[in-house]
Amino acid sequence: MVKPRRALSLLLKINLLLGSLAFAALAIFSAQEIQTTRSSIREEIEASNRIATQLLARITAIYSRQGPVALAEVLRQTGRVRANEIRLYDHAGELLYESPPASYKAGRYAPEWYAALVTPAMKATVIRVNAGTLVVVPNPTRAVLDGWDDLVSFMVIQSVALLMAYLLLSWMLMRWLAPFEQIRRALLQIGSGRHDVRLPALPGREPGEMGMAFNRMAQAVQDDIASRQQIAQAEARLAAQREFTQALHRRIEDERRAIARELHDEMGQSLTAMRSISAALAQNPELRGKPAGEAARLLFETAGASFDAMHRLIPRLRPIQLEEIGLGDAVRDLVASLQQAHPGLRITLEMDLAQHDAVHVDAETCAYRILQEALTNVVRHAQASAAWVALSIRDGALRLCIADNGHGADEPLSRNGHYGVRGMRERAEALGGRLAIGPAEQGGLQVSAWIPLQEETV
(Lines give C-alpha, C1' and ligand atoms only; values in the text may rest on other atoms or scores of the structure.)
Protein backbone atom coordinates (compact mmCIF):
# COMPACT_ATOMS: atom_id res chain seq x y z
CA MET A 1 0.00 0.00 0.00
CA VAL A 2 1.42 3.35 -1.06
CA LYS A 3 1.54 5.83 1.79
CA PRO A 4 0.23 9.31 0.95
CA ARG A 5 2.92 11.94 0.80
CA ARG A 6 2.93 14.36 3.67
CA ALA A 7 1.88 17.83 2.55
CA LEU A 8 4.13 20.79 3.21
CA SER A 9 3.09 23.25 5.90
CA LEU A 10 2.05 26.78 4.97
CA LEU A 11 5.05 28.28 6.79
CA LEU A 12 7.44 25.99 4.93
CA LYS A 13 5.80 26.84 1.60
CA ILE A 14 6.13 30.57 2.28
CA ASN A 15 9.76 30.11 3.36
CA LEU A 16 10.49 28.17 0.18
CA LEU A 17 8.83 30.89 -1.85
CA LEU A 18 10.82 33.61 -0.10
CA GLY A 19 14.04 31.62 -0.55
CA SER A 20 13.29 31.12 -4.25
CA LEU A 21 12.57 34.83 -4.68
CA ALA A 22 15.78 35.75 -2.84
CA PHE A 23 17.79 33.33 -4.97
CA ALA A 24 16.15 34.68 -8.15
CA ALA A 25 16.86 38.27 -7.07
CA LEU A 26 20.50 37.40 -6.33
CA ALA A 27 20.79 35.69 -9.71
CA ILE A 28 19.29 38.71 -11.49
CA PHE A 29 21.55 41.13 -9.63
CA SER A 30 24.57 38.96 -10.42
CA ALA A 31 23.68 38.73 -14.12
CA GLN A 32 23.22 42.49 -14.22
CA GLU A 33 26.58 42.97 -12.49
CA ILE A 34 28.27 40.62 -14.96
CA GLN A 35 26.75 42.48 -17.90
CA THR A 36 27.86 45.83 -16.46
CA THR A 37 31.37 44.46 -15.86
CA ARG A 38 31.55 43.12 -19.44
CA SER A 39 30.64 46.56 -20.88
CA SER A 40 33.06 48.33 -18.54
CA ILE A 41 35.92 45.98 -19.46
CA ARG A 42 35.22 46.46 -23.17
CA GLU A 43 35.30 50.23 -22.86
CA GLU A 44 38.42 50.16 -20.68
CA ILE A 45 40.35 47.76 -22.90
CA GLU A 46 39.39 49.57 -26.09
CA ALA A 47 40.44 52.93 -24.66
CA SER A 48 43.66 51.54 -23.22
CA ASN A 49 44.51 49.73 -26.44
CA ARG A 50 43.78 52.81 -28.52
CA ILE A 51 46.04 55.00 -26.37
CA ALA A 52 48.76 52.37 -26.24
CA THR A 53 48.67 51.91 -30.01
CA GLN A 54 48.89 55.66 -30.68
CA LEU A 55 51.74 56.09 -28.17
CA LEU A 56 53.71 53.15 -29.54
CA ALA A 57 53.13 54.32 -33.10
CA ARG A 58 54.75 57.66 -32.25
CA ILE A 59 57.65 56.00 -30.39
CA THR A 60 58.16 53.61 -33.28
CA ALA A 61 58.18 56.48 -35.76
CA ILE A 62 60.87 58.25 -33.73
CA TYR A 63 63.18 55.29 -33.01
CA SER A 64 62.55 53.03 -35.99
CA ARG A 65 65.58 54.50 -37.93
CA GLN A 66 67.86 53.33 -35.14
CA GLY A 67 66.72 49.77 -35.65
CA PRO A 68 64.72 47.21 -33.67
CA VAL A 69 67.37 46.86 -30.95
CA ALA A 70 67.19 50.55 -30.03
CA LEU A 71 63.39 50.38 -30.10
CA ALA A 72 63.48 47.40 -27.76
CA GLU A 73 65.62 49.37 -25.32
CA VAL A 74 63.14 52.25 -25.39
CA LEU A 75 60.29 49.80 -24.73
CA ARG A 76 62.16 48.31 -21.78
CA GLN A 77 62.56 51.77 -20.31
CA THR A 78 58.86 52.51 -20.91
CA GLY A 79 57.82 49.41 -18.98
CA ARG A 80 54.43 47.70 -18.95
CA VAL A 81 51.45 49.40 -20.51
CA ARG A 82 48.21 48.64 -18.63
CA ALA A 83 45.89 46.10 -20.22
CA ASN A 84 48.22 45.47 -23.14
CA GLU A 85 50.89 42.95 -24.03
CA ILE A 86 53.67 44.35 -26.28
CA ARG A 87 55.97 42.11 -28.34
CA LEU A 88 58.75 43.20 -30.72
CA TYR A 89 60.06 40.88 -33.41
CA ASP A 90 62.99 41.41 -35.82
CA HIS A 91 62.79 40.79 -39.54
CA ALA A 92 63.55 37.09 -38.95
CA GLY A 93 60.65 36.75 -36.46
CA GLU A 94 62.86 36.48 -33.41
CA LEU A 95 61.35 37.97 -30.23
CA LEU A 96 63.37 40.97 -29.18
CA TYR A 97 61.07 42.32 -26.45
CA GLU A 98 58.02 41.25 -24.43
CA SER A 99 56.14 43.23 -21.80
CA PRO A 100 57.00 42.22 -18.22
CA PRO A 101 54.22 40.46 -16.20
CA ALA A 102 51.73 42.61 -14.35
CA SER A 103 52.54 43.30 -10.73
CA TYR A 104 48.89 44.22 -9.93
CA LYS A 105 47.28 41.27 -8.14
CA ALA A 106 50.11 39.13 -9.39
CA GLY A 107 49.49 35.40 -9.44
CA ARG A 108 45.68 35.66 -9.27
CA TYR A 109 43.23 35.08 -12.05
CA ALA A 110 39.47 35.06 -12.32
CA PRO A 111 37.73 31.70 -12.94
CA GLU A 112 37.74 30.65 -16.56
CA TRP A 113 33.93 30.53 -16.84
CA TYR A 114 33.70 34.08 -15.52
CA ALA A 115 36.50 35.30 -17.79
CA ALA A 116 34.71 33.74 -20.75
CA LEU A 117 31.55 35.66 -19.83
CA VAL A 118 33.05 39.14 -19.45
CA THR A 119 36.12 39.13 -21.75
CA PRO A 120 35.37 40.97 -25.01
CA ALA A 121 36.64 39.67 -28.33
CA MET A 122 39.46 42.03 -29.46
CA LYS A 123 42.15 41.70 -32.11
CA ALA A 124 45.88 42.40 -31.81
CA THR A 125 47.35 45.51 -33.47
CA VAL A 126 50.44 45.06 -35.69
CA ILE A 127 52.79 48.00 -36.30
CA ARG A 128 55.44 47.64 -38.98
CA VAL A 129 58.83 49.11 -38.05
CA ASN A 130 62.14 49.27 -39.84
CA ALA A 131 63.46 45.69 -40.06
CA GLY A 132 60.91 44.42 -37.54
CA THR A 133 57.29 44.10 -36.29
CA LEU A 134 55.64 45.48 -33.16
CA VAL A 135 52.56 43.58 -31.95
CA VAL A 136 50.16 45.10 -29.36
CA VAL A 137 47.76 42.48 -27.86
CA PRO A 138 44.91 43.62 -25.48
CA ASN A 139 45.16 41.88 -22.10
CA PRO A 140 42.03 42.34 -19.94
CA THR A 141 42.95 39.76 -17.27
CA ARG A 142 43.49 42.40 -14.56
CA ALA A 143 40.22 44.15 -15.39
CA VAL A 144 38.48 40.78 -15.41
CA LEU A 145 40.01 39.98 -12.02
CA ASP A 146 38.81 43.35 -10.69
CA GLY A 147 35.34 42.55 -12.00
CA TRP A 148 35.45 39.12 -10.36
CA ASP A 149 36.52 40.60 -7.02
CA ASP A 150 33.74 43.17 -7.28
CA LEU A 151 31.22 40.44 -8.11
CA VAL A 152 32.31 38.29 -5.17
CA SER A 153 32.11 41.27 -2.82
CA PHE A 154 28.73 42.21 -4.29
CA MET A 155 27.35 38.67 -3.90
CA VAL A 156 28.62 38.41 -0.32
CA ILE A 157 27.03 41.72 0.65
CA GLN A 158 23.79 40.91 -1.20
CA SER A 159 23.67 37.39 0.23
CA VAL A 160 24.12 38.67 3.77
CA ALA A 161 21.48 41.35 3.21
CA LEU A 162 19.03 38.88 1.66
CA LEU A 163 19.72 36.32 4.40
CA MET A 164 19.01 38.90 7.10
CA ALA A 165 15.85 40.00 5.28
CA TYR A 166 14.82 36.34 4.88
CA LEU A 167 15.40 35.59 8.55
CA LEU A 168 13.49 38.72 9.57
CA LEU A 169 10.57 37.84 7.31
CA SER A 170 10.61 34.22 8.54
CA TRP A 171 10.49 35.38 12.14
CA MET A 172 7.64 37.77 11.35
CA LEU A 173 5.78 35.06 9.45
CA MET A 174 6.16 32.65 12.36
CA ARG A 175 4.57 35.23 14.63
CA TRP A 176 1.84 36.06 12.13
CA LEU A 177 1.05 32.42 11.36
CA ALA A 178 1.21 31.20 14.97
CA PRO A 179 -2.56 31.82 15.46
CA PHE A 180 -3.32 29.75 12.37
CA GLU A 181 -1.31 26.89 13.86
CA GLN A 182 -3.46 27.16 17.00
CA ILE A 183 -6.54 26.99 14.81
CA ARG A 184 -5.16 23.93 12.98
CA ARG A 185 -4.42 22.09 16.23
CA ALA A 186 -7.87 22.97 17.57
CA LEU A 187 -9.50 21.59 14.40
CA LEU A 188 -7.52 18.35 14.76
CA GLN A 189 -8.68 18.07 18.38
CA ILE A 190 -12.28 18.66 17.30
CA GLY A 191 -11.85 15.95 14.68
CA SER A 192 -10.52 13.53 17.30
CA GLY A 193 -13.64 13.97 19.43
CA ARG A 194 -12.66 16.73 21.89
CA HIS A 195 -15.66 18.96 21.30
CA ASP A 196 -15.01 21.11 24.38
CA VAL A 197 -11.92 22.73 22.78
CA ARG A 198 -12.11 26.53 22.52
CA LEU A 199 -9.63 29.08 21.20
CA PRO A 200 -8.47 32.13 23.16
CA ALA A 201 -8.62 35.62 21.69
CA LEU A 202 -6.14 35.49 18.81
CA PRO A 203 -4.04 38.52 17.74
CA GLY A 204 -4.72 40.00 14.34
CA ARG A 205 -7.93 40.78 12.51
CA GLU A 206 -8.28 37.67 10.37
CA PRO A 207 -7.07 35.16 13.02
CA GLY A 208 -9.34 36.82 15.59
CA GLU A 209 -12.38 36.51 13.35
CA MET A 210 -11.47 32.92 12.47
CA GLY A 211 -11.03 32.10 16.16
CA MET A 212 -14.46 33.49 17.02
CA ALA A 213 -16.00 31.61 14.09
CA PHE A 214 -14.27 28.42 15.25
CA ASN A 215 -15.60 28.84 18.79
CA ARG A 216 -19.13 29.36 17.48
CA MET A 217 -18.79 26.30 15.27
CA ALA A 218 -17.39 24.18 18.13
CA GLN A 219 -20.21 25.30 20.42
CA ALA A 220 -22.78 24.48 17.74
CA VAL A 221 -21.22 21.03 17.24
CA GLN A 222 -21.18 20.38 20.98
CA ASP A 223 -24.79 21.54 21.35
CA ASP A 224 -25.82 19.38 18.39
CA ILE A 225 -24.10 16.33 19.87
CA ALA A 226 -25.69 16.98 23.26
CA SER A 227 -29.06 17.36 21.56
CA ARG A 228 -28.54 14.14 19.64
CA GLN A 229 -27.59 12.36 22.85
CA GLN A 230 -30.70 13.67 24.56
CA ILE A 231 -32.81 12.59 21.60
CA ALA A 232 -31.17 9.16 21.64
CA GLN A 233 -31.80 8.85 25.38
CA ALA A 234 -35.39 9.99 24.93
CA GLU A 235 -35.87 7.48 22.12
CA ALA A 236 -34.35 4.76 24.29
CA ARG A 237 -36.69 5.68 27.15
CA LEU A 238 -39.63 5.79 24.74
CA ALA A 239 -38.68 2.40 23.34
CA ALA A 240 -38.38 1.01 26.86
CA GLN A 241 -41.76 2.50 27.82
CA ARG A 242 -43.30 1.14 24.62
CA GLU A 243 -41.87 -2.30 25.36
CA PHE A 244 -43.13 -2.06 28.93
CA THR A 245 -46.59 -0.94 27.79
CA GLN A 246 -46.74 -3.70 25.22
CA ALA A 247 -45.72 -6.27 27.82
CA LEU A 248 -48.24 -4.77 30.26
CA HIS A 249 -51.10 -5.06 27.75
CA ARG A 250 -50.08 -8.62 26.99
CA ARG A 251 -50.10 -9.34 30.70
CA ILE A 252 -53.51 -7.72 31.04
CA GLU A 253 -54.85 -9.81 28.16
CA ASP A 254 -53.42 -12.94 29.79
CA GLU A 255 -55.05 -12.00 33.10
CA ARG A 256 -58.34 -11.29 31.34
CA ARG A 257 -58.20 -14.70 29.68
CA ALA A 258 -57.43 -16.32 33.04
CA ILE A 259 -60.30 -14.45 34.77
CA ALA A 260 -62.68 -15.32 31.91
CA ARG A 261 -61.63 -18.95 32.14
CA GLU A 262 -62.15 -18.97 35.91
CA LEU A 263 -65.55 -17.31 35.54
CA HIS A 264 -66.61 -19.78 32.87
CA ASP A 265 -65.24 -22.89 34.55
CA GLU A 266 -65.67 -22.23 38.30
CA MET A 267 -68.36 -19.59 38.68
CA GLY A 268 -70.35 -20.95 35.75
CA GLN A 269 -70.51 -24.37 37.32
CA SER A 270 -71.39 -22.89 40.70
CA LEU A 271 -74.24 -20.81 39.23
CA THR A 272 -75.46 -23.81 37.27
CA ALA A 273 -75.49 -25.85 40.49
CA MET A 274 -77.33 -23.07 42.35
CA ARG A 275 -79.96 -22.90 39.58
CA SER A 276 -80.43 -26.66 39.67
CA ILE A 277 -80.78 -26.76 43.46
CA SER A 278 -83.09 -23.74 43.60
CA ALA A 279 -85.23 -25.20 40.78
CA ALA A 280 -85.52 -28.45 42.64
CA LEU A 281 -86.50 -26.63 45.83
CA ALA A 282 -89.02 -24.46 44.02
CA GLN A 283 -90.70 -27.54 42.51
CA ASN A 284 -90.88 -29.36 45.84
CA PRO A 285 -94.62 -29.80 46.71
CA GLU A 286 -93.93 -29.22 50.34
CA LEU A 287 -92.47 -25.78 49.69
CA ARG A 288 -94.97 -24.50 47.14
CA GLY A 289 -96.79 -21.43 48.33
CA LYS A 290 -94.53 -21.07 51.29
CA PRO A 291 -91.82 -18.43 51.92
CA ALA A 292 -89.11 -21.02 51.42
CA GLY A 293 -90.50 -21.93 48.01
CA GLU A 294 -90.68 -18.26 47.05
CA ALA A 295 -87.05 -17.80 48.20
CA ALA A 296 -85.98 -20.80 46.11
CA ARG A 297 -87.69 -19.26 43.06
CA LEU A 298 -85.96 -15.89 43.63
CA LEU A 299 -82.64 -17.70 44.05
CA PHE A 300 -83.26 -19.50 40.75
CA GLU A 301 -83.97 -16.22 38.95
CA THR A 302 -80.98 -14.45 40.57
CA ALA A 303 -78.63 -17.26 39.65
CA GLY A 304 -79.94 -17.13 36.07
CA ALA A 305 -79.44 -13.35 35.87
CA SER A 306 -75.94 -13.73 37.29
CA PHE A 307 -75.22 -16.47 34.76
CA ASP A 308 -76.38 -14.25 31.89
CA ALA A 309 -74.36 -11.29 33.20
CA MET A 310 -71.30 -13.53 33.47
CA HIS A 311 -71.72 -14.66 29.87
CA ARG A 312 -71.99 -11.04 28.77
CA LEU A 313 -68.84 -10.16 30.75
CA ILE A 314 -66.70 -13.03 29.47
CA PRO A 315 -66.52 -11.73 25.84
CA ARG A 316 -65.35 -8.35 27.13
CA LEU A 317 -62.65 -10.00 29.20
CA ARG A 318 -61.68 -12.51 26.51
CA PRO A 319 -62.70 -11.98 22.86
CA ILE A 320 -63.27 -15.64 22.13
CA GLN A 321 -64.47 -14.84 18.63
CA LEU A 322 -61.12 -13.17 17.85
CA GLU A 323 -59.22 -16.33 18.74
CA GLU A 324 -61.63 -18.73 17.07
CA ILE A 325 -63.01 -17.00 13.98
CA GLY A 326 -60.50 -14.19 13.29
CA LEU A 327 -60.56 -10.41 13.32
CA GLY A 328 -63.08 -9.85 10.51
CA ASP A 329 -65.77 -12.14 11.88
CA ALA A 330 -65.08 -10.97 15.45
CA VAL A 331 -65.67 -7.37 14.39
CA ARG A 332 -68.91 -8.33 12.58
CA ASP A 333 -70.07 -10.22 15.66
CA LEU A 334 -69.25 -7.27 17.95
CA VAL A 335 -71.09 -4.80 15.71
CA ALA A 336 -74.07 -7.14 15.39
CA SER A 337 -74.34 -7.65 19.14
CA LEU A 338 -74.20 -3.88 19.79
CA GLN A 339 -76.75 -3.27 17.03
CA GLN A 340 -79.06 -5.84 18.60
CA ALA A 341 -78.60 -4.43 22.11
CA HIS A 342 -79.15 -0.84 20.94
CA PRO A 343 -81.70 -0.82 18.12
CA GLY A 344 -81.81 2.99 18.12
CA LEU A 345 -78.18 3.12 16.92
CA ARG A 346 -77.53 2.25 13.25
CA ILE A 347 -73.96 0.99 12.74
CA THR A 348 -72.50 0.81 9.21
CA LEU A 349 -69.50 -1.50 8.80
CA GLU A 350 -66.99 -1.46 5.92
CA MET A 351 -64.09 -3.94 5.89
CA ASP A 352 -61.28 -4.81 3.51
CA LEU A 353 -59.07 -7.45 5.09
CA ALA A 354 -57.69 -9.16 1.98
CA GLN A 355 -54.28 -9.50 3.69
CA HIS A 356 -55.66 -10.71 7.00
CA ASP A 357 -53.14 -13.55 7.24
CA ALA A 358 -50.30 -11.03 7.54
CA VAL A 359 -51.69 -9.48 10.74
CA HIS A 360 -49.88 -10.23 13.97
CA VAL A 361 -51.98 -11.48 16.87
CA ASP A 362 -51.07 -8.45 18.99
CA ALA A 363 -52.21 -6.11 16.20
CA GLU A 364 -55.53 -7.99 15.97
CA THR A 365 -56.09 -7.71 19.70
CA CYS A 366 -55.13 -4.02 19.67
CA ALA A 367 -57.55 -3.20 16.82
CA TYR A 368 -60.37 -5.19 18.43
CA ARG A 369 -59.88 -3.51 21.83
CA ILE A 370 -59.76 -0.02 20.29
CA LEU A 371 -62.96 -0.73 18.32
CA GLN A 372 -64.61 -2.18 21.41
CA GLU A 373 -63.71 0.85 23.55
CA ALA A 374 -64.67 3.38 20.84
CA LEU A 375 -68.11 1.79 20.23
CA THR A 376 -68.69 1.58 23.97
CA ASN A 377 -68.03 5.34 24.22
CA VAL A 378 -70.46 5.95 21.35
CA VAL A 379 -73.15 3.93 23.07
CA ARG A 380 -72.60 5.49 26.52
CA HIS A 381 -71.75 9.12 25.81
CA ALA A 382 -72.33 10.20 22.19
CA GLN A 383 -76.17 10.00 22.12
CA ALA A 384 -75.75 9.23 18.43
CA SER A 385 -78.25 7.73 16.03
CA ALA A 386 -75.67 6.43 13.59
CA ALA A 387 -72.08 5.25 13.64
CA TRP A 388 -69.64 4.23 10.93
CA VAL A 389 -66.86 1.66 11.26
CA ALA A 390 -64.16 1.21 8.59
CA LEU A 391 -61.45 -1.43 8.91
CA SER A 392 -58.90 -2.08 6.17
CA ILE A 393 -55.33 -3.11 5.45
CA ARG A 394 -53.31 -0.59 3.41
CA ASP A 395 -49.59 0.12 3.10
CA GLY A 396 -48.61 -2.61 5.53
CA ALA A 397 -50.84 -1.46 8.39
CA LEU A 398 -54.27 -1.93 9.89
CA ARG A 399 -56.37 1.23 9.50
CA LEU A 400 -59.36 1.62 11.77
CA CYS A 401 -61.85 4.49 11.80
CA ILE A 402 -64.93 4.89 14.05
CA ALA A 403 -67.15 7.95 13.56
CA ASP A 404 -70.59 8.98 14.85
CA ASN A 405 -73.13 11.77 14.47
CA GLY A 406 -73.47 12.47 18.18
CA HIS A 407 -72.86 15.68 20.07
CA GLY A 408 -69.09 15.27 20.19
CA ALA A 409 -66.90 16.05 23.18
CA ASP A 410 -67.85 18.95 25.44
CA GLU A 411 -64.44 18.98 27.12
CA PRO A 412 -60.89 17.93 26.28
CA LEU A 413 -60.46 14.18 26.15
CA SER A 414 -57.02 14.51 27.76
CA ARG A 415 -58.47 15.45 31.15
CA ASN A 416 -58.11 13.13 34.12
CA GLY A 417 -60.62 10.30 34.04
CA HIS A 418 -60.56 9.50 30.31
CA TYR A 419 -58.70 6.27 30.89
CA GLY A 420 -60.43 4.58 27.93
CA VAL A 421 -58.95 7.13 25.49
CA ARG A 422 -55.56 6.88 27.16
CA GLY A 423 -55.72 3.09 26.98
CA MET A 424 -56.54 3.15 23.26
CA ARG A 425 -53.62 5.50 22.56
CA GLU A 426 -51.21 3.45 24.68
CA ARG A 427 -52.25 0.25 22.91
CA ALA A 428 -51.60 1.73 19.49
CA GLU A 429 -48.29 3.36 20.44
CA ALA A 430 -47.07 0.20 22.16
CA LEU A 431 -47.10 -1.53 18.76
CA GLY A 432 -45.50 1.44 17.00
CA GLY A 433 -48.83 2.78 15.75
CA ARG A 434 -50.77 6.01 16.11
CA LEU A 435 -54.21 7.06 17.33
CA ALA A 436 -55.97 10.34 16.60
CA ILE A 437 -59.27 11.71 17.89
CA GLY A 438 -61.02 14.66 16.32
CA PRO A 439 -64.31 16.00 14.95
CA ALA A 440 -66.13 13.77 12.46
CA GLU A 441 -67.69 14.98 9.22
CA GLN A 442 -71.04 13.71 10.49
CA GLY A 443 -70.88 16.04 13.50
CA GLY A 444 -69.69 13.77 16.28
CA LEU A 445 -66.25 12.33 17.06
CA GLN A 446 -63.93 10.30 14.91
CA VAL A 447 -61.33 7.87 16.24
CA SER A 448 -58.61 6.89 13.75
CA ALA A 449 -55.97 4.24 14.46
CA TRP A 450 -52.96 3.10 12.43
CA ILE A 451 -51.38 -0.18 13.58
CA PRO A 452 -48.42 -1.95 11.88
CA LEU A 453 -49.24 -5.43 10.57
CA GLN A 454 -46.06 -7.02 11.89
CA GLU A 455 -44.89 -6.76 15.46
CA GLU A 456 -42.11 -4.13 15.71
CA THR A 457 -38.79 -5.11 17.17
CA VAL A 458 -38.09 -2.64 19.97
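**Close-up views of a predicted model**

**View 1. Helix α1 and helix α2 approach each other with their axes within 10 Å and cross at roughly 140°.** On the α1 side the contact is made by L56, I59, T60 and Y63, and on the α2 side L71, V74, L75 and T78 take part. Sorted by kind, the residues of this contact of α1 with α2 comprise six nonpolar and two polar ones, with no charged residue among them.

**View 2. Helix α2 covers residues 68–78 and contains several buried residues.** The buried residues of α2 are P68, A70, L71, A72, V74 and L75, and of these L71, V74 and L75 also belong to the contact with α1. The elements that cover the buried residues of α2 include α1 together with the strands β1 (84–90), β2 (95–98), β3 (125–129) and β4 (132–138). Just after the helix, G79 takes a positive phi of about 85°.

**View 3. N15 lies in helix α1, which spans residues 10–63.** Is this residue buried or exposed? N15 counts as buried, because its relative accessibility is 14% and the cut-off for buried is under 20%. The side chain of N15 is joined to the side chain of S170 by a polar contact of 3.1 Å.

**View 4. Helix α8 (residues 327–341) and helix α9 (residues 361–382) have axes that come within 11 Å and cross at roughly 15°.** This angle makes α8 roughly parallel to α9, because angles under 35 degrees count as roughly parallel. The crossing in which α8 passes α9 is right-handed. From α8 the contact draws on L327, A330, V331, L334, V335 and L338, while α9 contributes E364, Y368, L371, Q372, L375 and V379. The residues of this contact divide into 10 nonpolar, one polar and one charged.

Key:
Residues are numbered from 1 along each chain as its sequence is written. This is a predicted model: local features need pLDDT of at least 70, side-chain atom pairs count only at pLDDT 80 or more; totals for chains, interfaces and linings use all residues. Side-chain values use heavy atoms; hydrogens and water are left out. Axes are lines fitted to C-alpha atoms, for helices over the stretch in contact, and angles run from 0 to 180 degrees between N-to-C directions. Helices (H or I, at least four residues) and strands (E, at least two) are DSSP runs, numbered from the N terminus. Angles under 35 degrees count as roughly parallel, over 145 as roughly antiparallel, 65 to 115 as roughly perpendicular and the rest as oblique. A crossing is left-handed if the near helix is turned anticlockwise from the far one by less than a right angle, and right-handed if clockwise. Contact means heavy atoms within 4.5 Å. Ala, Val, Leu, Ile, Met, Phe, Trp, Tyr, Cys and Pro count as nonpolar, Asp, Glu, Lys and Arg as charged, and the others, Gly among them, as polar. Buried means under 20% relative accessible area, exposed over 50%, partly exposed in between (1.4 Å probe, protein chains only). A polar contact is a pair of N or O atoms within 3.5 Å; within protein, one must be able to donate a hydrogen and the other to accept it, and residues adjacent in sequence count only if both atoms are side-chain atoms.
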